[in-house]
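Here is a short tour of how two parts of one chain meet. Have the structure open beside you as you read.

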Amino acid sequence: MAKVSIIIPTYNCLVFLPTAIDSVLTQTHQDFELLVINDNSTDGTASYLNTLIDERIITITTNGVGASLARNLGIAKASGEFIAFLDADDFWLPEKLSMQLALHADSPNLAMSFTNYDHLTETYESIIDCFGYWEQFKGQDEKFITLKNPLDFIIKNNIIGTSTVMVKTEILTQMHRFNEDLKYGEDWELWLRICESHDVGVLNSIQTGYLMRQDSTTQTDGLRLRNLRCIELILNRYQKDKQYWNLSSSALNNARARILEGYADYHRGLCQYRSAITYGIYSLFLAPQKRRVRSLLGDCKSMLLPA
């Protein structure tokens, strides 16, 4: 089995970080190095990291560079054949690495793979798994899946959780890594670029826990609009060159509908129901889904019968 370099960027996440690190140390696959990038934390993270004596743990201290640059610094230091990413507030199940490496061994042509993951409350109670929510791979019992058209699939179905991803190191050394200029969606942007010219596989089982944190800094009202525009900017590149990338209208319509759904949700949160309805109608037109019908009906009711 191959050596894996695991990269955890962390900023003031001491409440959750030990769980993430413990989930790495208890993996059934033990040939790894763990690079923890402490990005100017002020919550005692440095003191905690100093208590860890495992020689496979490498600590890098940075001064508020952000997650993208922190991950890129980790990639530059990585010595493993594969690189796996784990966010400081997520965790892995014990066989995650070994099963994902088995997937790559079974299909050596794969540049990247990802797994299903569970959405959890901050008390680690299960909400729903990603593939189940988006109804991906429904009825497919295969443990290992190779995507037939990965770029088209990942544009249509943005279901890759960063903490589930494993990439061949040589792939990341041959290309531009995380785009440090993007304020949001830089992970999706990198996965899409990998999908442009490489094979991608799926481990069709839940191997990661993803915390739905109430205090997430990426989804406050002040940042949601910026985040949506970042995703829109990423998608526009492929929209303009649809024929070059051989992308289906279905994939692009679904991606655009998700963005419009996000705008509708943003305006709904501000009680701007007329705008929410407008975006909801466009989203429903591009990619009809039952939940979009329910949201649209709810917005109409809220506008006609204000509290």
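## Where the domains touch

In this predicted model, 18 residues of domain 1 are in contact with 20 residues of domain 2, contact meaning heavy atoms within 4.5 Å. Domain 1 covers 4–211 and domain 2 covers 221–304, with bounds from an automatic or database domain assignment. Their centres, taken over C-alpha atoms, are separated by 27 Å.

Residues are numbered from 1 along each chain as its sequence is written. Local features need pLDDT of at least 70, side-chain atom pairs count only at pLDDT 80 or more, totals for chains, interfaces and linings use all residues, and side-chain values use heavy atoms, with hydrogens and water left out.

## Buried area

About 1700 Å² is buried between domain 1 and domain 2, and carbon and sulfur atoms give 66% of this area. Buried area is the accessible area (1.4 Å probe) that two parts lose on being put together, summed over both. On the domain 1 side, Ile155, Lys156 and Tyr184 supply 33% of the area buried against domain 2, more than any other three residues.

One salt bridge is counted between the domains (a side-chain nitrogen of Lys or Arg within 4 Å of a carboxyl oxygen of Asp or Glu). A salt bridge also joins the side chains of Glu196 and Arg237, at 2.8 Å from N to O.

Which elements give two or more residues to the side of domain 1 that touches domain 2? They are α5 (130–134), α6 (150–156) and α8 (186–197), these being DSSP runs of H or I with at least four residues, numbered from the N terminus. The largest share, five residues, comes from α8.
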